[in-house]
Amino acid sequence: MTPATLFVLTLNEIDGVTAVFPKLPMHCLDEVLVVDGGSTDGTLEFFESRGVRIIRQERRGRGEAFRLAVRHARNDFIVFFSPDGNEDPDDIPRLIEGLAGGYDMVIASRFMRGARSEDADKFLFASCQWGNLLFTWLANILCGRGTWITDTINGYRAISRAAFERLAPDAAGYAIEYQMSIRALQLGLRVLEIPTRESPRIGRGVSKLNAIPVGLKFGALLMREWARPRVRR
């Protein structure tokens, strides 16, 4: 299999990494790279004791972490992975295979046939799923050029270095994945989706996403990306 780097984004994820790290498919990974936002719960010590390379963020934000990962990864295929228990490590080989097959970006979709979102069984107003589906629909309608992405927001994805550099995402926080999907639609990149099934978060791990302000940022980002003159021409 083509060499790939697994990027693990951490901020106080000791419960998750303890449970998930032994399940990583190391046979298909050439490198595991941790980008840490300032953990104080033993997460850093966990990876240091296993010889995993750690990049410490000087500037906070998920978007900055993504850019750091691509900048420091030694391979041209990069898989973005969160160790909170939601994401199934068994999907990693399929994400890499998609890139090896010629796709620019491969997304683990929670909304395809055979997939499942962690929020699927939650009450309507307690679930982020409906917001995800709305923003996904808007991105496809406003920015699509024939390709339809079913899950534009999920961060569990893989991308080639060349595609990431072509997208040049500059979003600061959780909008980074949404921006990547929007620009991929606009530029007509080859995007593959695979169905994934989210599991419950592990231990004390909780979502660091605040739905209302993040939703407002997504809306503003979508309008800004749609209005970019160099994309609309």
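A cavity, in these notes, is a set of points on a 1 Å grid over the protein atoms alone where a 1.4 Å probe fits but cannot get out; lining residues have an atom within 4 Å of a point. Grid points are joined across faces, edges and corners, and a volume is the space filled by probe spheres set on the points.

Basis. I worked on a predicted model, in which local features need pLDDT of at least 70 and side-chain atom pairs count only at pLDDT 80 or more, while totals for chains, interfaces and linings use all residues. Residues are numbered from 1 along each chain as its sequence is written, and side-chain values use heavy atoms, with hydrogens and water left out.

Cavities. I searched the whole structure and found 2 cavities of 30 Å³ or more. The largest has a volume of about 40 Å³, and I listed V8, V17, V20, F21, L24, F47, F81 and P83 as its lining. I sorted that lining into 8 nonpolar, no polar and no charged residues (nonpolar: Ala, Val, Leu, Ile, Met, Phe, Trp, Tyr, Cys and Pro; charged: Asp, Glu, Lys and Arg; polar: the others, Gly among them).

The second largest cavity has a volume of about 30 Å³. I found F7, L9, R62, F66, F80, F81, S82 and G155 around it, by class 5 nonpolar, 2 polar and 1 charged.

Helix α3. I counted 9 of its 11 residues as buried, so α3 is largely enclosed by the rest of the structure (buried is under 20% relative accessible area with a 1.4 Å probe, protein chains only). R62 and F66 are among the buried ones. The buried residues of α3 pack against elements including β1, β4 and α7 (contact: heavy atoms within 4.5 Å).

E177. I placed this residue in helix α7 and found it buried, at a relative accessible area of 3%. The E177 side chain makes a polar contact with the side chain of R62 at 2.5 Å (N or O atoms within 3.5 Å; within protein, one must be able to donate a hydrogen and the other to accept it, and residues adjacent in sequence count only if both atoms are side-chain atoms). Not counting residues up to four places away in sequence, E177 also touches F66 and G155, among others.

Key: 1 Å grid on protein atoms, 1.4 Å probe; cavity = no way out; pocket = protein on both sides within 12 Å on 5 of 7 lines; lining within 4 Å. Buried < 20%, exposed > 50% of the residue type's maximum accessible area, 1.4 Å probe, protein only. Helix = DSSP H or I, 4+ residues; strand = E, 2+ residues; numbered from the N terminus.
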